[in-house]
Amino acid sequence: MDKIGQAVKTVRKRYHLKAKQVYLGVLSQSAYQKLENGVQEIRPHILDVILSRLGIVCNYVGMLISNKDFKIYYIEEEYKRSLIEEDYIAAEQLKDRFIKEYGLQDNVLRQKGYIMEGDFAYRKEKNLKKALEWYNQAFYCTVSFDAKKKEEMQLFSKEELKLSIRIAELLMEIGEMEKAEQHLWEIKSYITIFPKKSDKANEEAKLYYYLAVFLFERKEYQEVWDYLEKSAALLSRMKGFTIQGDLFFYRARTLEALYQKGNEWNTVKNKALRDFITAYYVYEFQENKEKCDWIQEHVRENYEWQNI
């Protein structure tokens, strides 16, 4: 623990972060001081959040030091597997077991329990509003906003940032676009304080992409381009990112909006075409025939390519 505590303290000071930004919502001030001083062991599921907030990538399984910690991890993983396999009876039993045995012990475990409830409502019950209520409870379980005291805001762990993006996606799915955009901008206002080297590339890329989509609708194309470029820059570090096609699609359309009527279009034209073709092949892999047909027709009319 003395080595872990020293690492946490070193990284925090390197990024000029207050201790409160790291521990708020997860540990008390005294417990966190003991962690940095290496005089108190911290449960792995809490240490995982602390390290993730600082952008320190860790292997949760390698930190399992007790039978109880293994049980928590095992139930989580089995629950996720059951949902993927649509074994909802097993999933519900695991969810109820987790909440009964661990769900009220601390904020981090309580957050995990709320996320389980939200995932179940979304995937089994198809109840979007109920899922949103659970996700919001999970989010504000460890995260709080105070625009007037931004310097006192804690960092997000990877899971907390992922949850915030999930909430925005669900708001968009429900059709509450204004709330979704407001939520995304709120997250954006705090993302600048994250350590630069982090494990959050996937979530940050999604954030920039969704903001670009909202800006595209308002024809603020230069800002759209900036956010799409930020998202694309993170693309190479991501795994399982499901909207690459959309990203390249919007990038091509943004290039058209910015340059098609100007003298620079001949220089940029091939880049836009390349992005359209990249988007086409991603959509083809995803079996999105509607988007493939749109791109095919658009390229035929505007780029004189008869067949991609």
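Visitor: Before anything else, what kind of model is it, and what numbering do you use?

Guide: This is a predicted model, in which local features need pLDDT of at least 70 and side-chain atom pairs count only at pLDDT 80 or more, while totals for chains, interfaces and linings use all residues. Residues are numbered from 1 along each chain as its sequence is written, and side-chain values use heavy atoms, with hydrogens and water left out.

Visitor: OK, how many helices and strands does the chain have?

Guide: The secondary structure comes to 15 helices and zero strands, where helices (H or I, at least four residues) and strands (E, at least two) are DSSP runs numbered from the N terminus.

Visitor: And what share of the residues is buried?

Guide: Of the 308 residues of the chain, 48% count as buried; buried means under 20% relative accessible area, exposed means over 50%, and partly exposed lies in between (1.4 Å probe, protein chains only). The chain exposes about 16400 Å², and carbon and sulfur atoms supply 48% of that area, with accessible areas taken from the Shrake-Rupley method with a 1.4 Å probe, and for residues only the protein chains shown counting as cover.

Visitor: What about contacts over sequence distance?

Guide: Among contacts in the chain with a separation of 6 or more, 61% are between residues 24 or more positions apart, a contact being heavy atoms within 4.5 Å.

Visitor: Let's take a helix. What covers the buried side of H8?

Guide: The buried residues of H8 are Ala131, Leu132, Tyr135, Ala138, Phe139, Cys141 and Thr142, and what covers them includes helix H4 (44–53), H7, helix H9 (158–174) and helix H10 (177–191).

Visitor: How does the length of H8 compare with what you'd expect?

Guide: Helix H8 (residues 128–142) has 15 residues and should span 21 Å at 1.5 Å a residue, and its end C-alpha atoms are 22 Å apart, which agrees; the expected span is 1.5 Å times one less than the number of residues.

Visitor: You listed cysteines in both helices. How many disulfides are there?

Guide: A search of the whole structure finds zero disulfides, a disulfide being a pair of cysteine sulfur atoms within 2.5 Å. Cysteine 141 is buried at 15% relative accessible area, and cysteine 292 is buried at 7%.

Visitor: Switching topic: what does the side chain of aspartate 119 make a polar contact with?

Guide: Aspartate 119 lies in helix H7 (residues 107–123), and its side chain makes a polar contact with the side chain of arginine 166 (2.8 Å). A polar contact is a pair of N or O atoms within 3.5 Å; within protein, one must be able to donate a hydrogen and the other to accept it, and residues adjacent in sequence count only if both atoms are side-chain atoms.

Visitor: Is aspartate 119 buried or exposed, and what else does it touch?

Guide: Aspartate 119 counts as buried because its relative accessible area is 18%. Not counting residues up to four places away in sequence, aspartate 119 touches Tyr79, Leu83, Lys124, Tyr135 and Arg166.

Visitor: And lysine 95, buried or exposed?

Guide: Lysine 95, in helix H6 (residues 88–101), is buried, with a relative accessible area of 4%. Leaving out residues up to four places away in sequence, lysine 95 touches Tyr79, Met116, Glu117 and Phe120.

Visitor: Last one: where is lysine 219, and what is its phi?

Guide: Lysine 219 is in the loop between H11 and helix H12 (221–235), and its phi is near 65°, a positive value in a residue other than glycine. Most residues other than glycine have a negative phi. Lysine 219 is exposed, with a relative accessible area of 60%.
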